[in-house]
Amino acid sequence: MAIRLLLVEDHPVNARLLCRRLERHEYEVEVADNGETAIAMIQANPPNLVLMDIGLPGIDGWETTRQIRNNPVISAIPIIALTAHDGIEAKDHCLAAGCNDYAPKPVNFDQLLIKIQRWIESKT
């Protein structure tokens, strides 16, 4: 069974690059470019894991994560925050919003793959 990821990223170039790299590792990847679309996609067809950009237009990644966590049908989906904000304060803010993990941008792809695998395995 394929592992489905939802990448929430508003920058098309970043989304395309990360999507291609993830697909090379046999993940099925869907992309949402804003929080509202992400929530609708998750409700319609929940992925195994969400990669959440924090700096989104409209509702930001923190609020999108809070809304996911407040919906009991989709609240257990692992969310890894992707953000250009670095440091302990940014990580703490992401975790406080309900993200399970954190990956600063530019993304270290090898570390991201380890985090994805760890959260996928914890759900099985």
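Tutor: Let's start in strand 5, residues 101–104, which is where aspartate 101 sits. Keep in mind that this is a predicted model.

Student: What makes aspartate 101 buried or exposed?

Tutor: Its relative accessible area is 8%. The cut-off for buried is under 20%, so aspartate 101 counts as buried.

Student: Okay, and which residues does aspartate 101 contact, leaving aside neighbours within four places in sequence?

Tutor: Ile79, Ile80, Ala81, Leu95, Lys115, Arg118 and Trp119.

Student: Why is the pair of lysine 115 and aspartate 101 called a salt bridge?

Tutor: Check the distance: their side chains meet at 3.5 Å, N to O. A salt bridge needs a Lys or Arg side-chain nitrogen within 4 Å of a carboxyl oxygen of Asp or Glu, so this pair qualifies. Lysine 115 is in helix 5 and aspartate 101 in strand 5, so the bridge ties together parts 14 residues apart in sequence. Both residues are buried, by the way.

Student: What makes the side chains of aspartate 101 and lysine 115 a polar contact too?

Tutor: That contact is 3.5 Å, and the limit for a polar contact is within 3.5 Å, so the pair makes it into that class as well.

Student: How many salt bridges does a search of the whole structure find?

Tutor: Six. One of them joins the side chains of lysine 105 and glutamate 9, at 2.8 Å, N to O. That pair links distant parts of the chain: lysine 105 is in the loop between strand 5 and helix 5, glutamate 9 in the loop between strand 1 and helix 1, and they are 96 residues apart.

Student: What about glutamate 121: buried, exposed or partly exposed?

Tutor: Glutamate 121, in helix 5, has a relative accessible area of 49%. Exposed means over 50%, so glutamate 121 stays partly exposed.

Student: Which residues touch the most other members in the largest nonpolar core?

Tutor: That core has 22 residues, and the ones with the most such contacts are Leu6, Val8, Ile42, Val50, Met52, Ile68 and Cys94. Elements giving it two or more residues are strand 1, helix 2, strand 3, helix 3, strand 4 and helix 4. Apart from it lies another core of 18 residues, among them Leu5, Tyr27, Val29 and Leu112.

Student: And what does valine 8 touch, not counting residues up to four places away in sequence?

Tutor: Ala32, Asn34, Ala38, Val50, Leu51, Met52, Asp53 and Leu56.

How values were computed: Residues are numbered from 1 along each chain as its sequence is written. This is a predicted model: local features need pLDDT of at least 70, side-chain atom pairs count only at pLDDT 80 or more; totals for chains, interfaces and linings use all residues. Side-chain values use heavy atoms; hydrogens and water are left out. A nonpolar core is a set of buried Ala, Val, Leu, Ile, Met, Phe, Trp, Tyr and Cys residues joined through side-chain atoms within 4.5 Å. Buried means under 20% relative accessible area, exposed over 50%, partly exposed in between (1.4 Å probe, protein chains only). Helices (H or I, at least four residues) and strands (E, at least two) are DSSP runs, numbered from the N terminus. Contact means heavy atoms within 4.5 Å. A polar contact is a pair of N or O atoms within 3.5 Å; within protein, one must be able to donate a hydrogen and the other to accept it, and residues adjacent in sequence count only if both atoms are side-chain atoms.
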